[in-house]
Amino acid sequence: MVLSEGEIKKTVYEAVENVEITDVHTHLYPPSFGNMLLWGIDELLNYHYLVAEAMRWADIPYQDFWAMSKREQADFIWKTLFVDNSPYSEACRGVLTNLHKLGFDVASRDLIKYRKYFDSVSLEEYVDRIFKEGRIKCVVMTNDPFNEEERGYWLKGLKDSRFKGALRLDVLLNNWPEACAKLRQWGYEVSEDFSGDTAGQIRKFLREWMDRIEAVYMAVSLPWDFAYPEDSPRSRIIEECVLPVAGELNKPFALMIGVKRQLNPGLKDAGDGVGRADVRAVEYLCSRYPHNKFMVTLLSRENQHELAVAARKFRNLMPFGCWWFLNNPSLVDEITRMRCELLGVSFIPQHSDARVLDQLIYKWEHSRKIIADVLVDKYTDLARTGWAIESQEVRRDVEKLFGGNFWGFLERKF
Ligand code: RAT
Ligand code: ZN
């Protein structure tokens, strides 16, 4: 069916509203991973994005906040950000979107009542409910093989098809001495100076873990000053281990660049900042390793245009998401428009980065709305040229943007 301008909005909204999402980057785990899966109102309130905002008002030392119980911290954040001030920041609004979508009376501001539901619901049931309400097909996790607790769950061989593995290599690539010591402890014959068959042993470790967790990609979060190539253990491990194994398995290597880790350590998880990255490292990787596939997200707003241009040059580069400090309506709108204009349909507009299961609801609710509005404008501009907009073509494009492009990229071989 060819759509009139008036029908475009309805069709796009429906397509985006109904599409089942593949969320390509989260920090969620299956319920079988016990306490690693965060969920419920207190975790929502204790989200590190909100901790940073609450601490701007607090007069207490940071240690006093960290010494509180989880519930006390949540009470503190609720009072500071929702009662004493209007909660219109993106992270605050998200909590309210969640409560609203789950049918709570948001106007009552009755935290005690909200808690009662979370204290009584069964986790299994709640996970099903969130996936259903959020129209989420599956989520990609962040799996750290150097985290002892997580390692324990994997060694027991637990799986849930809604949760896909992604091998996160931060320790290996950002803290080689620590990784090296652990690898030795686990029986790999590695040495800090890379003598002997260290590279071969790291490759063995990577293959084993990619296989164990059925990883869809390997990933790392990198500081803003990441450079490649350079004379460093990180560069060496990327070149001699990560890229060869990723290439052999035909899996992408996901680079998340731009963090200033622990800019304010007193804030713990909430203490990281952002810095402008050098896109030349990404360009170099994509051109030097044309048979490898790279998924890239950059944290700084200033890097977004350069990344989209690089993606025009390299088909083995898939830009993804509006990451962390960029996941705000004004920036998602700006970045998505720019990517549509430079890349057409060929990118992954968003991931949730959910750390708390419940966040799948609000993060996707907010992103769906913005992406839909951008698409309405793009199809309307197209219709004005005389091009016929077909509803099944709108649905096709939307499927790609919210999942198909990711799965398609995994299949591609360069
Ligand atoms: O967005 C976040 O919650 C950050 O703390 C990080 O987890 C970041 O997304 C990352 O994956 O390193
Ligand atoms: Zn993340």
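The largest pocket is the space taken by ligand 1. Here a pocket is an open set of points on a 1 Å grid over the protein atoms alone, with protein on both sides within 12 Å along at least five of seven lines. The model is predicted: local features need pLDDT of at least 70 and side-chain atom pairs pLDDT 80 or more, whereas totals for chains, interfaces and linings use all residues. Residues are numbered from 1 along each chain as its sequence is written, ligands are numbered from 1 in the order in which they are written, and side-chain values use heavy atoms without hydrogens or water.

Ligand 1 is surrounded by His25, His27, His48, Tyr49, Arg168, Ser221, Met256, Arg261, Trp323, Trp324, Asp353 and Arg355, each with a heavy atom within 4 Å of the ligand. By class, this shell holds four nonpolar, four polar and four charged residues; Asp, Glu, Lys and Arg count as charged, Ala, Val, Leu, Ile, Met, Phe, Trp, Tyr, Cys and Pro as nonpolar, and the others as polar.

| Side chain | Distance to an oxygen of ligand 1 |
|---|---|
| His27 | 3.0 Å |
| His48 | 2.9 Å |
| Arg261 | 3.1 Å |

The protein buries 98% of the 310 Å² that ligand 1 exposes when taken alone, by the Shrake-Rupley method with a 1.4 Å probe.

His25 (NE2), His27 (NE2) and Asp353 (OD) coordinate the zinc ion (ligand 2) at 2.0 to 2.1 Å, donors being N, O and S atoms within 2.8 Å of this metal. Their spacing along the chain is H-x1-H-x325-D. Because His27 lies in the loop between strand E1 (21–23) and helix H2 (41–45), and Asp353 in the loop between helix H16 (329–343) and helix H17 (359–383), the pair ties together parts 326 residues apart in sequence. Helices (at least four residues) and strands (at least two) are DSSP runs.

Two backbone features remain. Tyr228 and Pro229 are joined by a cis peptide bond, with omega about 0°; Pro229 lies in the loop between strand E4 (215–223) and helix H13 (233–249). Glu214, in the loop between helix H12 (198–212) and E4, has a positive phi near 50°.

Definitions and conventions
Polar contact = N/O pair within 3.5 Å; in protein donor to acceptor, adjacent residues only side chain to side chain. 1 Å grid on protein atoms, 1.4 Å probe; cavity = no way out; pocket = protein on both sides within 12 Å on 5 of 7 lines; lining within 4 Å. Sits in = over half its atoms within 2 Å of the grid points. Donors = N, O, S within 2.8 Å, 3.2 Å for Na, K, Ca; no water.
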